[in-house]
Amino acid sequence: MAAEGNAKPAKKLSLKENYALLTRGLGWEPSYEKKEDIFRTIDFEGVVIHDWDKWEDPFRLTMDAYWKYQGEKERKLYAIIDAFQQNNGQFNVTDARYVQALKVFINGITELEYLSHRGFNMLAREFPGVGPRIAAQMQSLDELRHATTQIHTISQYAKYFTGMNEFPYQFDRVWYLSIPKSFFEDAVTSGPFEFIVAISFAFEYVLTNLAFMPWMSGAAFNGDMATVSFGFSAQSDEARHMTLGIEVIKFLLEQDPANVPLVQKWIDKWFWRGYRLLSLLATMMDYMLPKRVMAWNEAWEIYYEQNGGALFADLARYGIKPPKRAPETIAEKGHVAHQMWSVFYANRDAVGFQMWLPSEEEMAWMSEKYPDTFDQYYRPRYEYWKAMEAAGTPFKNTTLPQLCQVCQWPCLFTDSGDPTTLSLRETEYQGQTFHMCSDGCKDIFDDTPEKYVHAWLPVHQIYQGNCFLPGVDPTAPDFNPMYEALRYMGIKPGVDNGDFKGGADATNWEKWTSRPANIHEGAYTDAVRDSHIKS
Amino acid sequence: MTVEIRTKSVKPLSLSFGHLQRRFGDKPATRYQEATYDIQSTANFHYKPLWDPEREMFDARRTAVTMKDWYALKDPRQFYYGNYTTTRAKQQDAIDRTLDFIEKRDLLRALPVDVRDLIVHAIVPLRHYEWGANTGSAHVAAYGYGTAITSPAMMNTMDRLGMAQHISRIGLLLDGNSGDSLSAAHALWTDHADWQGLRREVERMFVTRDWFEVFVAQLLVADALVYPLFFQHIDAAIAGGNGSALSSLTDYLMRWFDETAKWIDAVIKTAVAENADNKALISGWVLTWRDRLVPALTPIVQHALGNQSEDAVAAVVAAFNSRAAKLGLSV
């Protein structure tokens, strides 16, 4: 009994039409409440949006498709994680030094995925347009996925190795983990437009390959099936996020010319902040992977200098210039990894993983990869420290380093033109002196000092006595401030920290696997010597 | 006979993460526990949020409800991303077969014109109600405290988008994919007197800042009235004499509603049992929103059910009151 006009067959919808019908038009102009009372955070940054409907949703995923697509990926991933756990896959990695790199991941990166999830959720609530809200919601859910799958992957390692099983606790307290924590909190505490430029564009679009490639390729090269499977599974999510990043930038730039200087300022800031965060990977790639993928300077050349160069050439038509402090990153690329490793080594009693000096084989590789810097500046330092170790008087730093007020790295970097002079900058603000590691960080502080004076600088806090567990008595005769600060941070003194050789992970590794804990140095213990006769 | 495979076993240093050991002892943790407990930062925040400088970035003071441990608000479904997406994917596969069945046979387009008009008038505008609920759950997920509540709120946010799209598909099955029913429903939602009461309350939720109040208003009260009224009572009235084509589609919504209610009830029951102030506060919210929403819904229910509407509303309110009482609320 079909009524007239219903006789013709139903129209076939393309994916795009289907998405538009199911999505666009869900929102409406409110009339019982004022728009500015509903969406309260989108005006204060000064971004001008004339028409939210101009937003081209890059994904066009309806929820049914999202659930099915992602559900299938999850089924495959968890089958691998189950097999990995059942077969003690944690012992199939190259050696126990690789696990030290994974510690940086679980303790420093996983909580960033979680913060990204929460940050995107705020956008998912606050953007007035349906398209951008759905895009933010899907990314928020993806980021929750990444935090979750990383925890589920690495939990197997955490059962067998030290220093991995307090990751949320450590993230809030460990002195060097304030580098990633402050980075993402800076973004989340900004306005929604700064957040999305910071994370979707500067981080996901410009820099994400630099984060992804060394970790995931490093996992593949070193036999870590669980992590590399997570990486492959997350790849298509990341591709979507990168698409969102470029879409956001174009949308903002096309909406109003007044947005251009704001976007430029945020690109300058977040490129630098992202670069400082990622240079942690420099030292991880060059020093912590037993089987290396590429050197940091090579990665920077490919993923920033070439790819980033093309991107910013493309954005020039909007009046966008390459990030202000890009030249510094290029000037530093031969130095950062070595300078960071030196600082971690010197402070190895105060970090949550175990440290070593590079072997002859590794130093030969670095000489080849860094012909202009390694032999001249860093090899002599390592040889000197090796001699000190051999003499039984190993070098250790017994005080904590000066931190940068913005990026929270120790002020360990050198001036671009002179690798023998530390780069130190300072600004007077409200009668106090604030210290920065670089011109890039000083730019950021000087633009918004009222924000950065609130930074919770761990070293300052430790020295002010704010980092001791309840019940600790600083006036007790046997009070040891370093020991107590480590306990506050969730680092087990004498277990999680110190020298790799002779440490818990290296010793257990050789006992459990009968393979050397450091493939470049041969066996440390009889557990290997017994079973590998003159291999 | 079982075949025994011997594998090399190594005694681990610990059986679960430290934060889980402190809660549950040193035993293997579930994936829900690993993905949920203590994941959100709680200490040493660096900056004052530019959008709320009086509070921390994550701050328990964004609701008047208080909890000694926010991780008491657990999800009995034990959803984490993996089992959430695979569960929804499986459910979607099942409803896809139904959608396909109905589309191939044009079952909704074959309904008499007055019935089709009634579905457009009384069911399809709920896609906007779902979009409103999406906003409410996104608010809970963004500003709530502790991963135990924010993660399922995130999943609920996406569920609501999924439900809005499911209701939109009912519209497309009615209009042969022209989208005319969706435009008509949009106009009804924004302008027709029958819907203004509900839209007024949905917009009021948009300006409610206390995230727990939004949770109560949207997920506990509004859903408990809207879902049975529309997808049971009005659906049954349509099915009488017109067959069950529509019911086979609203059944999906009701199943989802029943599953979600397990989570809502667990959260409310735990928060109410926590202390007397919570009980008084949440009971007050329930009364306020119930007494706003019932009259707000009356015109559209009257339009659909005529002289049966009073009984339907009374039955749904009675069921809600008894559910609320079971959760420990004074209503």
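## Close-up views of a predicted two-chain model

**Figure 1. The interface between chain A and chain B.** In this predicted model, 71 residues of chain A are in contact with 71 residues of chain B. On the chain A side, the elements that give two or more residues are helix 1 (15–23), helix 2 (35–38), helix 3 (63–86), helix 5 (110–126), helix 6 (130–160), helix 7 (167–171) and helix 8 (178–188). Helix 6 of chain A gives the most, with 14 residues. By class, the chain A side that touches chain B splits into 33 nonpolar, 20 polar and 18 charged residues. For the complex, the predictor gives an ipTM of 0.97 and a pTM of 0.96.

**Figure 2. Helix 5 and helix 6 of chain A.** Both helices give residues to the side of chain A that touches chain B. This view shows how they pack on each other. Their axes lie 8 Å apart, at an angle of about 160 degrees. That makes helix 5 of chain A roughly antiparallel to helix 6 of chain A, as angles over 145 degrees count as roughly antiparallel. The crossing of helix 5 and helix 6 of chain A is left-handed. Helix 5 of chain A brings A:T110, A:E113, A:Y114, A:S116, A:H117, A:F120, A:N121, A:L123 and A:A124 to the contact. Helix 6 of chain A meets them with A:R133, A:A136, A:Q137, A:Q139, A:S140, A:E143, A:L144, A:H146, A:A147, A:Q150 and A:I151. The residues in this contact of helix 5 with helix 6 of chain A are eight nonpolar, nine polar and three charged.

Figure 3. Strand 3 (residues 425–429) of chain A pairs with strand 4 (residues 432–436) of chain A. The pairing is antiparallel and runs over five bridges. In one of them, A:T427 has A:F434 of strand 4 as its bridge partner. Two residues lie between the strands of this hairpin. A:Q430 takes a positive phi there, near 50 degrees.

Figure 4. Over residues 1–5 of chain A, pLDDT stays under 50. For this stretch the model has six contacts beyond four places in sequence. Chain A as a whole has a mean pLDDT of 93. In chain A, 98% of the residues reach 70 or more.

**Figure 5. The fold of chain B.** Chain B has twelve helices and zero strands. From the N terminus on, its elements run α-α-α-α-α-α-α-α-α-α-α-α. The C-alpha atoms of chain B fill a box of roughly 70 × 60 × 40 Å along the principal axes. The pLDDT of chain B averages 96, and 98% of the residues score at least 70.

**Figure 6. Helix 6 and helix 10 of chain B.** The axes of helix 6 (residues 147–175) and helix 10 (residues 245–274) of chain B come within 11 Å. They cross at roughly 165 degrees. Helix 6 and helix 10 of chain B are therefore roughly antiparallel to each other. Helix 6 of chain B passes helix 10 of chain B in a left-handed crossing. From helix 6 of chain B, the contact takes B:I149, B:P152, B:N156, B:D159, B:M163, B:H166 and B:I170. Helix 10 of chain B supplies B:L249, B:Y252, B:L253, B:W256, B:T260, B:W263 and B:V267. This contact of helix 6 with helix 10 of chain B has ten nonpolar, three polar and one charged residues.

Conventions: Residues numbered from 1 in each chain as written. Chains lettered and ligands numbered in written order. Predicted model: local features only at pLDDT ≥ 70, side-chain atom pairs only at ≥ 80, totals over all residues. Contact = placed C-beta atoms within 7 Å. Helix = DSSP H or I, 4+ residues; strand = E, 2+ residues; numbered from the N terminus. Nonpolar A, V, L, I, M, F, W, Y, C, P; charged D, E, K, R; others polar. Axes fitted to C-alpha atoms, helices over the stretch in contact; angles between N-to-C directions. Parallel < 35°, antiparallel > 145°, perpendicular 65-115°, else oblique. Left-handed = near helix turned anticlockwise from the far one by under 90°. pLDDT = per-residue confidence, 0-100. Pairing = 2+ DSSP bridges.
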